[in-house]
Amino acid sequence: VQLQASGGGLVQAGGSLRLSCTGSVSFFEVNTIAWYRQAPGKQRELVADITVGGNTNYAVSVRGRSTISRDNAGNVVYLQMDSLKSEDTGIYYCKATQYGQDFWGQGTLVTVSS
């Protein structure tokens, strides 16, 4: 499974971004797809994930400000982030879990200026 993350960029605090994660396989075959982020000097952390059935899970820090969704037919998972804060800055990675194996994309940089 190959994943391509995109949509990052520089945005002012309070702004919005939509990240996309596009896969090389049908997402109907991928149980869970997740977004993680890694801030400078910090460990990678889960931001949100979504199952093939559409069940979602969010980190407390982004709950209410972010929405994860998936288009299985289009092999794309989106992360809509609103009301961005400086602490949302980091490299965002998508991860697909298929048959117990994890596959990571290359990451897209999000920088929120205050």
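Predicted model: local features only at pLDDT ≥ 70, side-chain atom pairs only at ≥ 80, totals over all residues.
## A sheet of four strands

Let's start with the open sheet, which has 4 strands in the order S1-S3-S8-S7, with antiparallel pairing. At its edges stand S1 (3–6) and S7 (66–71); each has a single partner strand, so one side of each is left without a neighbour in the sheet. Going from one strand to the next, the twist averages 15 degrees.

Now look at S3 (residues 17–23) and S8 (residues 76–81). These two run antiparallel, and 6 bridges join them.

## Trp-35 and Cys-21

Cys-21 also gives us a way over to Trp-35. The two are 14 residues apart along the chain, and their C-alpha atoms are separated by 8.8 Å. Trp-35 has its place in strand S4, which covers residues 32–38.

Is Trp-35 buried or exposed? Its relative accessible area is 0%, and buried means under 20%, so Trp-35 is buried.

## Aromatic rings and an arginine

Search the whole structure and you find 2 aromatic pairs. One of them is Tyr-93 with Trp-104, an edge-to-face pair with 6.4 Å from centre to centre and 85 degrees between the planes. This pair links distant parts of the chain: Tyr-93 is in strand S9 (residues 90–98) and Trp-104 in strand S10 (residues 101–104), with the two residues 11 apart.

What about Arg-44? Arg-44 lies over the face of Tyr-93, 3.7 Å from the ring centre. The charged end of Arg-44 also sits over the ring of Trp-104, at 4.6 Å from its centre.

Tyr-93 has a relative accessible area of 11%, so it counts as buried. Trp-104 is at 37% relative accessibility, so it counts as partly exposed.

Last stop: Thr-108, in strand S11 (residues 108–113). Thr-108 is at 10% relative accessibility, which means that it counts as buried.

Which residues does Thr-108 touch, not counting those up to four places away in sequence? They are Ala-5, Ser-6, Gly-7, Gly-8, Leu-19, Gly-90, Ile-91 and Tyr-92. With Gly-8 there is a particular contact to look for: the side chain of Thr-108 reaches the backbone nitrogen of Gly-8 at 3.0 Å.

Conventions: Residues numbered from 1 in each chain as written. Heavy atoms only, no water. Buried < 20%, exposed > 50% of the residue type's maximum accessible area, 1.4 Å probe, protein only. Polar contact = N/O pair within 3.5 Å; in protein donor to acceptor, adjacent residues only side chain to side chain. Contact = heavy atoms within 4.5 Å. Pairing = 2+ DSSP bridges. Axes fitted to C-alpha atoms, helices over the stretch in contact; angles between N-to-C directions. Phe/Tyr/Trp six-rings, centres within 6.5 Å; stacked < 30°, edge-to-face > 60°. Lys NZ or Arg CZ within 6 Å of the ring centre and 35° of its normal.
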